Amino acid sequence: MKYDPNKHHRRSIRLKEYDYSSPGAYFITICTYQRQHLFGDIVDGVMKLNQYGQIIQSCWQRIPIHFANVLLDAWVVMPNHLHGILVLTDTLGEGEAFGKGEAFGNKTCEIAEDACPNASPLQFCGTQSGSIGAIVQNYKSISTRQINYVRHTPGIPVWQRNYHDRIIRDEEALQRIREYVKTNPLAWEIDQLHPDNLSR
């Protein structure tokens, strides 16, 4: 994809004046650089992770280990993006999520525990500690480092700049997004049959 300054200029897409460290549920989507299909394939409506996809999954599962105020809800790794609901609790290590975390569209991760070695939270200048922004930046940095180590490509981007988020306001919205995440692999296959459709 050719760089277009009118489309790809850097700007914040976060909701102005909103405190992204506030307790609550957030729907996060992170896309690969240039929408490359890096993480595996959809087969019969099920996501089959390759080695890179397993790294992505393992690093996502480890987020609560490094951020004690985070709980994982529904999430899924797709060929060129990841969808996930992150729940920030009101106090470190305590709080109540909307529901138990689930990984839709793939099996329990069997990758080695050291798939993300030394994956301690990173500090980013200008990003509030413990905020959604800090968590996502940390996740992108660690997962990129691990994939580039495996494929021997230091410095090559894995993720596109920034990420998409949606603040989940109520239980109805939460259930709707959970269903969207759950059915994403099946919808992907349907979309591939119609080239005019954008991948979900």
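1. A cut-off to start with: a residue is called buried under 20% relative accessible area and exposed over 50%, with partly exposed in between. Please keep in mind that this is a predicted model.

2. For context, most residues other than glycine have a negative phi. Histidine 152 follows α4 and belongs to the loop between α4 and β6. Is histidine 152 buried or exposed? With 68% relative accessibility, histidine 152 counts as exposed.

3. Helix α4 itself is largely enclosed by the rest of the structure, because 15 of its 20 residues are buried. Its length also checks out: at 1.5 Å a residue, the 20 residues of α4 should span 28 Å, and the C-alpha atoms at its ends are 28 Å apart, which agrees.

4. Which residues have the most contacts inside the largest nonpolar core? They are Phe39, Trp60, Ile63, Ile85, Leu86 and Tyr139, in a core of 43 residues. At least two residues of this core come from each of β1 (24–31), α2 (51–61), β4 (70–77), β5 (81–88), α4 (132–151), β6 (164–168) and α5 (171–192). As background, nonpolar side chains tend to be buried together in soluble globular proteins.

5. Leaving aside residues up to four places away in sequence, isoleucine 85 touches Ala25, Tyr26, Phe27, Leu71, Leu72, Asp73, Ala74, Ile168, Leu174, Ile177 and Arg178.

6. Now for confidence. The protein has a mean pLDDT of 76, and 66% of its residues reach 70 or more. Among its elements, α2 has the highest mean pLDDT, 97, while helix α1 (residues 5–8) has the lowest, 38.

7. Two stretches call for care when reading the model. Over residues 1–15, pLDDT stays under 50, and the model has 20 contacts beyond four places in sequence for them. Over residues 93–126, pLDDT likewise stays under 50, and here the model has 74 such contacts beyond four places in sequence.

Note on methods. Residues are numbered from 1 along each chain as its sequence is written. This is a predicted model: local features need pLDDT of at least 70, side-chain atom pairs count only at pLDDT 80 or more; totals for chains, interfaces and linings use all residues. Side-chain values use heavy atoms; hydrogens and water are left out. A nonpolar core is a set of buried Ala, Val, Leu, Ile, Met, Phe, Trp, Tyr and Cys residues joined through side-chain atoms within 4.5 Å. Buried means under 20% relative accessible area, exposed over 50%, partly exposed in between (1.4 Å probe, protein chains only). Helices (H or I, at least four residues) and strands (E, at least two) are DSSP runs, numbered from the N terminus. Contact means heavy atoms within 4.5 Å. The expected span of a helix is 1.5 Å times one less than its number of residues. pLDDT is the predictor's confidence in each residue, from 0 to 100.
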